[in-house]
Structures are given as structure tokens and as C-alpha cells.
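Welcome! Please have a look at the sequence and the structure below, and then let us walk through some of the details together.

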Amino acid sequence: MGRKFFVGGNWKCNGTVEQVESIVNTLNAGQIASTDVVEVVVSPPYVFLPTVKAKLRPEIQVAAQNCWVKKGGAFTGEVSAEMLVNLGVPWVILGHSERRSLMGESSEFVGEKVAYALAQGLKVIACVGETLEQREAGSTMEVVAEQTKAITGKIKDWTNVVVAYEPVWAIGTGKVATPAQAQEVHANLRDWLKTNVSPEVAASTRIIYGGSVTGASCKELAGQPDVDGFLVGGASLKPEFIDIINAATVKSA
């Protein structure tokens, strides 16, 4: 199928100039698998994007953590897709559960964001995932399908989309979905794409896992057939992010 492993590091709202330089220095010095094996993207806060892009080794790309749903204008505090393109930022994370829960972003709104960002030439890491209550109610796939459907209804080309399955109950909690739990949702989501979009899109779209991924849990998760990488939160600020990137070698072994 040829899906290249993908590892994203979401730095969230963290960092000072000194801390960001330290993280960049660690990444620059680290021994990481080749670009033939893994695609790596890190997502610092907006204010550090130009600095990180300029100082980071070229094989690691940068992403914004969000962008506005339309062209810029009288939208105080927002950053447009056009601005990111102008800065040479190739990727953006959209639909993260923290945006959905804290900012009230609906699936429909996220779908519109994804479509607009793609239309401006950005590549998108589109996040989906269920809460603990939804998982316990047995509605995981229903929730994930609804969130994905809001995107599928607005785009035709999936070439520049990576889907990140992030169970909300595992983000920042230290809880990690078991490899079997992650594989089950990823396989079901791939089947949903096959039925509702196309077999080609299902086979080629990378579905990555996010939710307290660490150096200790990454290799077993990476070994699952439908887990095509990770979106890493807290651990992406630490040296162990190098180990998580190198979990990609499990796929090529």
C-alpha cells in the first residue's frame, strides 16, 4: 500500500524562546530514520513558527496548530491559511479535540476549515476522536464516522490529508489506547473510508494515532497494520520524541 509512516509533534501552548531552541537543538542532534521511512512534522505555537522553520533540520517540517476558516480580514486573533502559506508553513492541524471542546468547534466547522486550508495549498492533519463517555456508551465508531463525514462531504482530493484518531480520554491523561483498541478503530475507519469515499482513498490515506504516545508505548502501537504513525503531545517536547519517530522502523523491518 506504500503508506509512509507519519509522526507529528503537537507542542500545544508551550514554550519560551529558550525552551524552543533547546527542543530544536535536540531534534537537530538526534539520529532519526530517513525520510524514505518516516515523515516528521512538528507544530510549535504560531509565534515560534518562523524561528523553528529556520533553525530546524530540513527533513523535519513544521505545522500550525490551527487556522481560520476563510480568508483573512476582520477576525481578531485568528491566523489565515494564506498567512501560513506566505510563511512557507506546509502543514496545519485542524479539528483537535481541544479546539472542539474548549472553543466549541463543530464537526461542520472543522470540515469547512479542512476544505479551505486544502484549497489554499496547505496539507492537513485532521483530528477525530471520542470522549470517555462516548466510548463507554459504545458509540466510538459512530462519533468518529460523523466527524469524518463532515470532512468527506467537503473535499474531493485526499492526497494532502492525514487523519489523526485521538481518543479524547487518552489525551494528556497518561492513558493510552491498547494496541488492539487503536487498531480496531483505525481498521473500522479505513473500512468506512472504503465504503463512503473510495477503496483507493482508504488504502492510501494515513491514519495516525494520538493520545499519550510515549517512547515506551510507540513500538507496539506502530506494529499494528492500520496504525500509520502518531500525533504526539507532551512527549514531543522531550528527547524521547526521537524514539517515537524511530518507531517507524518497525514498519520497514
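## The nonpolar cores

The largest nonpolar core of this predicted model has 69 residues. Inside that core, the residues with the most contacts are Tyr209 and Phe230. As a general background, nonpolar side chains in soluble globular proteins tend to be buried together.

What does Phe230 touch, if residues up to four places away in sequence are not counted? Its partners are Phe5, Phe6, Val7, Gly8, Ile208, Tyr209, Val213, Cys218, Leu221, Ala222, Ile244 and Ala247.

## Helices α7 and α8

Now let us turn to helices. Two packed helices are described by the angle between their axes and the distance between the axes. Take helix α7, residues 140-152, and helix α8, residues 179-196: their axes cross at roughly 40° and come within 11 Å.

Which residues make the two helices meet? From α7 come Thr140, Met141, Val144, Ala145, Thr148, Lys149 and Thr152. From α8 come Val185, Asn188, Leu189, Trp192 and Leu193. Sorted by class, the residues of this contact are 7 nonpolar, 4 polar and 1 charged.

## A closer look at Val144

Val144 is one of the α7 residues that meet α8. Is Val144 buried or exposed? Its relative accessibility is 0%, so Val144 counts as buried; the cut-off for buried is under 20%.

Val144 touches Val128, Gly129, Tyr165 and Leu189, not counting residues up to four places away in sequence. Leu189 belongs to the α8 side of the helix contact. Along the sequence, Val144 and Leu189 are 45 residues apart, while in space their C-alpha atoms are 7.6 Å apart.

## Helices α5 and α7

Helix α7 also packs with helix α5, which covers residues 107-119. Here the angle is about 40° and the axes are 8 Å apart. That makes α5 oblique to α7, and α5 passes α7 in a right-handed crossing.

On the α5 side, the contact is made by Ser107, Glu108, Gly111 and Val114. On the α7 side, Glu146, Gln147, Ala150 and Ile151 take part. By class, this contact has 3 nonpolar, 3 polar and 2 charged residues.

## Gln183 in helix α8

Back in helix α8, we find Gln183. With a relative accessible area of 14%, Gln183 is buried, because buried means under 20%.

Which residues is Gln183 in contact with, leaving aside its neighbours within four places in sequence? They are Gln224, Pro225, Asp226 and Val227. Of these, take Asp226: Gln183 and Asp226 are 43 residues apart in sequence, and 6.0 Å apart in space from C-alpha to C-alpha.

## Two partly exposed residues

Lys4 lies in the segment before β1. Its relative accessibility is 34%, so Lys4 counts as partly exposed. Leaving aside its neighbours within four places in sequence, Lys4 is in contact with Thr35, Asp36, Val37, Val38, Glu39, Arg206 and Asp228. Ser107 is 103 residues from Lys4 along the chain, and their C-alpha atoms are separated by 27 Å.

Pro199 is placed in helix α9, residues 199-204. At 45% relative accessibility, Pro199 counts as partly exposed. Pro199 and Phe6 are 193 residues apart along the chain, with 21 Å between their C-alpha atoms.

Let us finish with the backbone. Most residues other than glycine have a negative phi. Where is Lys12 placed? Lys12 is in the loop between β1 (5-10) and α1 (17-29). Although Lys12 is not a glycine, its phi is positive, at about 55°.

Ser212 is another residue to look for: it lies in the loop between β7 (207-209) and α10 (218-222). The phi of Ser212 is near 60°, a positive value in a residue other than glycine.

Note on methods. Residues numbered from 1 in each chain as written. Predicted model: local features only at pLDDT ≥ 70, side-chain atom pairs only at ≥ 80, totals over all residues. Heavy atoms only, no water. Axes fitted to C-alpha atoms, helices over the stretch in contact; angles between N-to-C directions. Helix = DSSP H or I, 4+ residues; strand = E, 2+ residues; numbered from the N terminus. Contact = heavy atoms within 4.5 Å. Nonpolar A, V, L, I, M, F, W, Y, C, P; charged D, E, K, R; others polar. Parallel < 35°, antiparallel > 145°, perpendicular 65-115°, else oblique. Left-handed = near helix turned anticlockwise from the far one by under 90°. Core = buried A, V, L, I, M, F, W, Y, C linked by side-chain atoms within 4.5 Å. Buried < 20%, exposed > 50% of the residue type's maximum accessible area, 1.4 Å probe, protein only.
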